[in-house]
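Reader: I have a model open and want to learn how to read it. Where do we start?

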Amino acid sequence: KIIWKKEKTIEMIADEIKTKHGLKEVFITDIAGQFVIWRKIKRSEYKEVMTATFDENEEIAYYERQDAVAKKVILYPENVDELIEEYAGISDIIATETMVKTGFGLTNTKSV
């Protein structure tokens with residue numbers, strides 16, 4: 001008798017991660033067919049990244065900050081260093097998305 005195992009969906013994995021980490025929400029981003037599950041960055045983590053010492057070359061430091069943000073917030077897959085190396089754009093996308101979802105992006109401010 002063959003027993004078919006239902007593979008976990010990315011949403012199921014996200015729910016497990018939320019429970020494991022005690023989070024109310026996580027985000028799923030599909031980057032070139034690779035699903036990445038991540039969370040918002042905390043203020044203390046943001047300050048840590050922004051005050052860390054990176055390369056003297058400001059352009060290189062910018063990319064190092066993106067990597068640092070991505071490494072803090074990516075929860076799945078767990079091999080973040082390999083993921084960043086294999087998919088060069090992941091740090092940029094996740095760091096940008098993190099800033100937007102954490103409140104550094106566009107706002108709904110209006111003049112009255």
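Author: Start with one residue. Lys-72 is partly exposed, at a relative accessible area of 25%. Bear in mind that this is a predicted model.

Reader: Which side chain does Lys-72 meet in a salt bridge?

Author: The general idea comes before the case. Side chains of opposite charge can pair when their charged atoms come close. Here, Lys-72 meets Glu-48, with 2.9 Å from N to O. The two belong to distant parts of the chain: Lys-72 sits in helix H3 (residues 58-73) and Glu-48 in helix H2 (residues 43-51), 24 residues apart.

Reader: How many salt bridges does the structure hold?

Author: Seven. One of them joins Lys-18 and Asp-15, at 3.6 Å from N to O.

Reader: Where do Lys-18 and Asp-15 lie?

Author: Both are in helix H1 (residues 10-21). They are three residues apart, about one turn of the helix. Lys-18 has 24% relative accessibility and counts as partly exposed. Asp-15 is also partly exposed, at 44%.

Reader: Which residue forms a salt bridge with Glu-16?

Author: Lys-8. Their closest N and O atoms are 3.1 Å apart. Glu-16 is partly exposed, with a relative accessible area of 41%. Lys-8 is partly exposed too, at 49%.

Reader: Now the strands. How should I read side chains along one?

Author: In a regular strand the side chains alternate between the two faces of the sheet. Then check the cover. In strand E2 (residues 34-38), four of the five residues are buried, so the strand is mostly covered; buried means under 20% relative accessible area.

Reader: In which sense do E1 and E2 pair?

Author: Antiparallel, over five bridges. Strand E1 spans residues 27-31.

Reader: How many bridges pair E2 with strand E3?

Author: Two, again in the antiparallel sense. Strand E3 covers residues 74-76.

Terms used: Residues numbered from 1 in each chain as written. Predicted model: local features only at pLDDT ≥ 70, side-chain atom pairs only at ≥ 80, totals over all residues. Heavy atoms only, no water. Salt bridge = Lys/Arg side-chain N within 4 Å of Asp/Glu carboxyl O. Buried < 20%, exposed > 50% of the residue type's maximum accessible area, 1.4 Å probe, protein only. Pairing = 2+ DSSP bridges.
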